[in-house]
Every structure is written in structure tokens, then in C-alpha cells.
Amino acid sequence: MIERAAEALSTSRRILVFTGAGISTESGIPDFRGPQGLWKRFDPSDYTYNRYLTDREFREQSWKRHFESPYLSAVPNDAHRAVTLLWESGRSIGCVTQNIDGLHAAAGLPNRALVEVHGNAHTAHCISCGAEPTLSDIEQRWRSGDTDPRCGSCGGILKTKIVYFGEDLPTEAIARAWRMTEDADAVLVVGSSLCVYPAAFIPLDVVDRGHPLVIVNQGATDHDFRAAALIDGPAATVLPLLIDRLLA
Ligand code: NAD
């Protein structure tokens, strides 16, 4: 299967890599819909932007979950490093990720090659005035008992830059993602069930324009039938083998 996937990408020079939660499970961060997925334990309809704005108790729980979550201490795995290697080889135009864990950047992928369409867990802002206190400032206040920290400038509600259900996607990131998509001549999906929209329109657009789709994912995705090659296996093992083969 690795052979077939490498063959499908062999003539491409502007591969768009599209990643989802599955690329980070081997770094210890659970996905949403996999066998150990978070949605087995939580109800997605609870995690709305409107609820965050209107429900103080929900914000308190959100900060608690955030500062106790595995996102903040996780480190990249071999799949994140393989994505960086592909970009460094000159064969990729970059990576659009649905992940908020910051692990592509931690694996050395530069900002110009990375678009985080669902935001980032390591940054925060005031939803009223846009001030951007550091997460470590907020954490310090939270650890000293301020359970619903407010903006130091205007008193507004502070929130991480993780995109919640019902919240607009970051405009600039989406524009950059579409520019990469339009320039791509193949798409390599890693660790995504391809069922979260509008993000999934990004890889599918590359396929709609007649370019090859290669999927590395444990389990089925909604678009397996469109793939030129499919590898069902753990990304941190499979992706380095595929990239090695491709660059050999
Ligand atoms: P998803 O949970 O819908 O799908 C993840 C897919 O990856 C599943 O099909 C799962 O079987 C597969 N998978 C799990 N472990 C794998 C591995 N080691 N190797 C290969 N495949 C593996 O995730 P999604 O499509 O990214 O969409 C859900 C949303 O979840 C996204 O919007 C994202 O923002 C958010 N999310 C992000 C993180 C993160 O930042 N790490 C974690 C959980 C959820």
C-alpha cells in the first residue's frame, strides 16, 4: 500500500497535507471520533460558542479542562516530523490542519507552511477588545484562584483561540488555506475522518480539480471511495515510511 501511495504522489510537486486529530493520538491527545474518541465521553452539542459567552460556570469548567488537558504538554511524533520533512524537501506547498495542539509548529513546520483552521490552544484573546494576553499569564491567574479570568484592559471575556461550535472560523487562516488549496497538485490526508465541515471542503476541492487523494488513516473516512491510495495504519509509523519512499 505504501508503494501504491508513493506512486500516486510521484509526479506531484505541490502536495497539500491535510491533517486531523488522528495525527496526534500517538502524542497522547485523544481524537473525537476514533475508538477512544472524546465524543464517547462528552456531548459535542455542549461545546458551543454561545454557551461560552453566556454561562460563567461553563467558562470555569473550560479553563479547568484546558489547563489540565494533554494539549499543553504533548510533544510531536514521527508523523508530525514527516510532514515537516516533506515540506523541507520542496515537494509540499504546506499543511492545513484541523488540530489546535500546535504540534506541527513544535515539529519545526514554519508559519508560512502551516494553516490552523480551527485555531490554537496555546493562544488566547479578549472577545470584546481583541487584547491577547499570554496563556501563561492567564494560567498564573487561574492557578491563584481566578476561575473566570477577565481581560486586564476592558474586563471582557477571555477565551483560547480554539474555535468552538457555532464560532466563525478565523478569516485570515481560511483565506490562506484556500490559496494553498488552489495551488496544490495532490492532497495527502493524515488522521482525519473527513466529516467535519467546512474544513473537509479543503482537501476535497483538490480532488474535485482532478488531482490525486492519498489517505493515511486508521479506520474509514467519508471519502475513501475517492482516494487513489489508502493506507489504514498508525500515522507515526506509516507516514515516515511513505515520505521516505516518496523522497527516495
Ligand atoms: P476525528 O476525530 O473526526 O477523526 C480522526 C481520525 O483519525 C479517525 O478516523 C481515527 O480513527 C483516526 N486515527 C486515530 N488515531 C490514528 C492514528 N494514530 N493514525 C492514523 N489515524 C488515526 O478528527 P478530525 O477529522 O480531525 O476532526 C475532528 C475535530 O477535532 C477537528 O475539528 C479538530 O479541530 C478537533 N480535534 C483536534 C485535536 C488536536 O488538536 N489534536 C484533538 C481532538 C479533536
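Which residues is arginine 59 in contact with, leaving aside its neighbours within four places in sequence? Keep in mind while looking that this is a predicted model. The residues are Tyr52, Leu53, Thr54, Asp148, Arg150 and Ile157. Arginine 59 itself is found in helix H3, residues 56-67.

Is arginine 59 buried or exposed? Its relative accessibility is 4%. The cut-off for buried is under 20%, so arginine 59 counts as buried.

Now the overall layout. The protein chain is divided into two domains, and each is built from separate stretches of the chain. Domain 1 takes 1-29, 76-119 and 169-248, while domain 2 takes 35-73 and 124-160. Taken over C-alpha atoms, the centres of domain 1 and domain 2 are separated by 28 Å.

Next, strand E6, residues 186-190. Why do we call E6 largely enclosed by the rest of the structure? Because five of its five residues are buried. As a general point, side chains in a regular strand alternate between the two faces of the sheet. In E6, Ala186, Leu188 and Val190 point one way, and Val187 and Val189 point the other way. The residues on both sides are buried.

Which strands does E6 pair with? One is strand E1, residues 15-19, which pairs with E6 in the parallel sense over five bridges. Within that pairing, phenylalanine 18 has valine 189 of E6 as its bridge partner. Another is strand E7, residues 213-216, which runs parallel to E6 and is joined to it by four bridges. Here leucine 188 has valine 214 in E7 as its bridge partner. To get from E6 to E7, the chain passes through helix H8, residues 201-208, and this β-α-β crossover is right-handed. Also between these two strands, valine 187 stands opposite leucine 213 in E7.

One of the residues involved is valine 216, whose bridge partner in E8 is isoleucine 231.

Which residues of H8 are buried? They are Ile202, Pro203, Leu204, Val206 and Val207. What covers these buried residues includes E1, strand E2 (92-97), helix H7 (171-183), E6 and E7. After H8 comes glycine 210, whose phi is positive, near 90°.

Last, the ligand. How many residues are around the ligand, and which come nearest? There are 27 around it, and Ala21, Gln98, His118, Ser193 and Gln218 come nearest. For glutamine 98, a polar backbone atom is 2.4 Å from an oxygen atom of the ligand. Asparagine 217 places a polar side-chain atom 3.0 Å from an oxygen atom of the ligand. For glycine 22, a polar backbone atom is 3.5 Å from a nitrogen atom of the ligand.

That is the end of the tour.

Methods: Residues numbered from 1 in each chain as written. Predicted model: local features only at pLDDT ≥ 70, side-chain atom pairs only at ≥ 80, totals over all residues. Heavy atoms only, no water. Buried < 20%, exposed > 50% of the residue type's maximum accessible area, 1.4 Å probe, protein only. Contact = heavy atoms within 4.5 Å. Domains from an automatic or database assignment. Pairing = 2+ DSSP bridges. Right-handed = clockwise from strand over helix to strand, strands pointing away. Near = heavy atom within 4 Å. Polar contact = N/O pair within 3.5 Å; in protein donor to acceptor, adjacent residues only side chain to side chain.
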